[in-house]
Amino acid sequence: MKKLEPVGFLTFIAVVLLFLIVLQSRAHAQSPLDKKLSISLKNEQLKKALDKITSISGAKFTFNEQIASSSIKISITAWDKSLKEILTLAFADKPLQFSILDKEVFIRLDPEKTKKDEAGPAANPAQSKEKYTLSGTVKSQSTGETLIAATIRIVGANLATASNEYGFYSITLIKGSYDLEISAVGSKTYRVRIDLKENTNLNATLTDDQNLLETVTINSTSAQRNIGNPQMGMERLSISETKLVPVLMGEPDLIKTLQLLPGVKTAGEGNGGMFVRGGTADQNMILLDEAPVYNASHLLGFFSTFNSDAIKNVTLYKSGMPAQYGGGLSSVLDVKMNDGNNQKLGVSGGIGLIAARLNVEGPIQKDKSSFLISARRTYADMFLKLSSDTSINNTQLYFYDVNAKANYILGDKDRLFLSGYFGKDVLASDNLSGINWGNATATMRWNHVFNNKLFSNTSVIFSNYNYKVQANTDENSLTLFSQIRDWNVKEDIQWYANEQNTISFGLNSIFHTIKPGEVQATGNSGFISQNLQNRYSLENAVYVSNTWKASSALTLTYGLRVSAFTILGPGDYYSINQAGDVIGSTAYKRGELVKTYVNLEPRLAAALQVGEWASVKASYVRNVQNLHLISNSNAASPTDRWVASTNIIKPELSDQVSLGYYRNIGSAYELTVETYYKTLKNQIDYRNGADIFTNRPIETQLLFGKGRAYGMELLLKKKAGRLSGWLGYTLSKTERKIDGINNNQWYNARQDKTHDVSVVSVYKLSQKWSVSANWVYSTGNAVTFPNGKYRLLGQSYFYFSERNADRMPAYHRLDLGATRMLKQNKKFSSELSFSLYNAYGRKNPFRITFQDSESDPNRTEAIRTTLFRFIPSVSYNFKF
């Protein structure tokens with residue numbers, strides 16, 4: 001395949017974007033306002049005049065009661081004129097405005113021209129320039145949960161805002177009366193008339209919309225906010241969506257669903273890691289209630305750590321990350337746990353072929369506080385005990401995780417959240433050998449509303465990840481242990497300064513303790529007991545950003561994050577030469593400063609609306625990463641080593657520019673096209689023959705260089721209705737250039753995949769049945785295969801030339817799913833979920849190894865290992 005060059009690629013992208021803009025302009029020309037008609041009206045009351053225009057042209061109008069009862073009269077005579085021209089002439093001397101809203105013509109009173117005797121004071125904000133702030137919290141009536149990204153819209157004006165991740169909103173308006181609409185996915189729209197004469201607190205409680213809940217809603221972001229918000233590369237995932245997408249073993253999985261989105265690539269068959277826009281698996285900052293999760297997988301990556309029963313909201317940032325996020329070079333995955341139902345006690349769960357789940361939530365004090373406990377465990381090892389073979393029935397093979405949360409409303413302005421997660425994997429044989437690993441997190445957050453414009457969140461966070469490997473026999477024993485532990489303090493403040501500016505600022509301080517490796521060995525295991533030195537570091541950051549609505553069409557977000565990474569003693573730090581040999585060392589005492597890296601991380605994003613239905617966005621972001629995963633595999637595994645930046649290992653840097661086109665096609669479809677170009681510095685790869693478990697300093701096994709990644713992502717999404725889903729396509733290239741590898745030339749990164757396609761569909765057959773299907777295709781990963789071999793003393797030795805110059809075979813797979821509702825009422829619901837993973841039995845290779853042919857040692861055989869074919873599953877889910 002011809003190499004995808006950056007210049008040619010960018011030219012191609014420019015042509016595609018130009019084509020889309022032209023397409024948008026043509027589509028925009030077909031709006032109702034461009035319909036031509038001939039009409040004659042004389043002193044017709046406004047509503048009757050609009051009815052006559054509808055009967056002639058077919059154009060539909062939407063308006064409120066004030067318009068319907070208005071005494072305004074319309075007179076006009078026009079022949080073969082567009083509806084836009086007719087309304088412009090008819091409203092020239094009238095206090096009226098018109099615009100397009102969901103394929104209808106929206107008629108409203110014009111605040112600048114409204115006369116009191118025609119429209120009444122309630123429709124007209126005061127002519128004075130007095131301004132007041134409307135603020136409050138949006139929550140669900142059925143559960144008391146605050147609603148993230150709810151839309152608060154002023155009817156008849158281009159004014160809107162959204163609730164933040166704690167449900168708080170604030171909007172500043174001119175003194176007057178307004179019609180307000182507050183909406184969120186799965187809820188009925190809340191409508192209210194407000195007479196804004198002073199700063200006002202309005203808490204909105206939204207009721208569930210059963211009609212919406214019975215259909216599938218793919219996108220949790222309103223259409224208007226999607227095209228007007230400068231944020232790029234963001235995907236917000238609904239939990240109901242993950243439960244309908246068929247996955248391995250039928251266990252709902254957030255990360256597996258994210259892997260079906262453009263720009264997010266799987267790390268391999270059944271693997272829980274993901275590659276985002278050319279990044280490696282460790283370059284994703286994964287947060288659970290703000291706590292870093294350093295290994296987000298169970299059972300060697302077949303499942304993720306996130307139990308969907310406990311999750312409230314999932315947001316993935318692929319570019320243009322808000323300034324409050326740092327530490328991840330390629331993406332931020334922000335996962336929020338449910339707060340717990342403060343209205344009534346509820347129990348839900350499920351039983352599948354491999355795992356069982358149980359979720360309990362309810363009020364501690366109704367309307368004031370709540371709790372949530374969610375637990376999950378696999379039980380494959382229980383079936384193994386049925387075997388008569390002692391080597392099998394003594395095998396341990398399971399994982400479990402527990403999520404817990406409590407929240408307390410301390411008053412009108414204060415709220416306290418306590419949350420935690422604990423998960424562990426155990427893979428062991430007869431208690432003699434095996435591996436176990438686990439994550440533990442704890443978060444305490446305090447929300448405080450200083451006033452109607454100033455919101456604060458203060459967090460204290462703990463995170464711990466460790467693994468332990470054991471290999472024991474009667475004569476020998478070997479134990480490996482590694483750990484990374486964080487203490488973290490954060491302060492985030494949002495200031496809704498005025499109707500044009502929303503300012504965010506804050507600080508963050510993390511104390512890292514990393515135990516790179518501890519080896520305990522006895523007998524003739526071939527290892528020597530040793531403890532690698534612990535590494536200590538302090539990571540500080542401050543940030544500020546502003547979202548500025550420059551005009552009705554242009555919105556900008558700009559900000560700066562300043563990070564400082566300080567390496568602390570005690571410990572020995574080394575100097576090495578180009579060959580990787582240690583040539584000197586310096587010992588530091590406890591608390592001594594070894595080195596500090598300071599980096600500026602600017603952020604800039606802009607959104608320009610082009611018409612009612614589309615926008616063009618651009619962004620630039622610099623990210624810095626100070627913790628690095630040292631791995632010999634293509635994706636993260638439990639035994640990989642986390643290391644912090646040292647005097648030799650420098651912070652990784654990335655600079656990414658993105659350009660995108662966004663279009664809402666009617667009320668059900670959404671088209672997104674994003675392109676990006678990313679440069680990476682201080683990238684890490686291995687010397688030939690590297691051994692990450694050596695007792696030598698890890699720096700002696702590494703090489704450093706640069707990288708680049710560029711591509712185009714296309715997403716066509718049907719957001720609602722009986723049939724919903726999306727088509728995603730990614731065209732991309734990811735390369736590295738490191739002195740000492742591939743003759744110092746550019747080479748493919750291991751995660752490079754040129755093409756990646758996903759088709760996801762969900763169809764609601766009836767009130768009882770819904771069916772779903774995924775089909776995925778991708779170019780094979782870049783790998784290094786042997787170029788030849790030689791024999792010495794009866795043994796074969798393979799030799800290699802260029803790194804990652806070969807490809808695994810292309811990967812494709814079809815998954816099918818179906819859900820049958822068994823019972824549903826206010827007190828109890830239950831369902832059966834069926835899925836078939838890899839429905840046509842594609843033998844996708846997990847690994848390809850090479851060995852001598854048994855019949856002829858001079859011949860080489862390639863051995864393909866396949867993990868999964870035709871994996872059916874069924875699970876029973878309930879809720880009461």
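Of the chain's 880 residues, 54% count as buried (under 20% relative accessible area; exposed is over 50%, partly exposed in between, with a 1.4 Å probe and protein chains only). This is a predicted model, where local features need pLDDT of at least 70, side-chain atom pairs count only at pLDDT 80 or more, and totals for chains, interfaces and linings use all residues. Residues are numbered from 1 along each chain as its sequence is written, and side-chain values use heavy atoms, with hydrogens and water left out. You'll find 11 helices and 56 strands here (DSSP runs numbered from the N terminus: helices are H or I with at least four residues, strands are E with at least two). Take the contacts between residues at least 6 apart in sequence, and 64% of them join residues at least 24 apart (contact means heavy atoms within 4.5 Å). The chain exposes about 38100 Å², with carbon and sulfur atoms supplying 56% of it (Shrake-Rupley method, 1.4 Å probe).

**Close-up 1: an open sheet of 4 strands.** The order is β8-β7-β10-β11, and the pairing is antiparallel (two strands pair if DSSP finds at least two bridges between them). β8 (159-162) and β11 (190-196) sit at the edges with a single partner strand each, so one side of each has no neighbour in the sheet. On average, neighbouring strands are turned by 25 degrees against each other, direction ignored (axes are lines fitted to C-alpha atoms; angles run from 0 to 180 degrees between N-to-C directions). Strand β7 (residues 151-154) is joined to β8 by 4 bridges, and R153 stands opposite A160 in β8.

**Close-up 2: aromatic rings pairing up.** The count is 19 aromatic pairs (Phe, Tyr and Trp rings, the six-membered one for Trp, with centres within 6.5 Å; planes under 30 degrees apart are stacked, over 60 edge-to-face, the rest tilted). For Y317 and Y325, the centres are 5.2 Å apart and the planes at 40 degrees, so that pair is tilted. Both Y317 and Y325 are buried. Elsewhere, ring pairs link Y166, F168, F417, F455 and Y496 into a cluster.

**Close-up 3: charges over rings.** R535 lies over the face of Y573, at 4.0 Å from the ring centre (the rule: NZ of Lys or CZ of Arg within 6 Å of the ring centre and within 35 degrees of the ring normal). K617 puts its charged end over the ring of Y662, 4.3 Å from the centre.

**Close-up 4: the surroundings of T557.** T557 is in strand β34 (residues 554-568) and, at 22% relative accessibility, counts as partly exposed. Beyond its neighbours within four places in sequence, T557 contacts P230, N546, T547, R603, L604 and A605. N546 is 11 residues away along the chain, with 5.5 Å between its C-alpha atom and that of T557.
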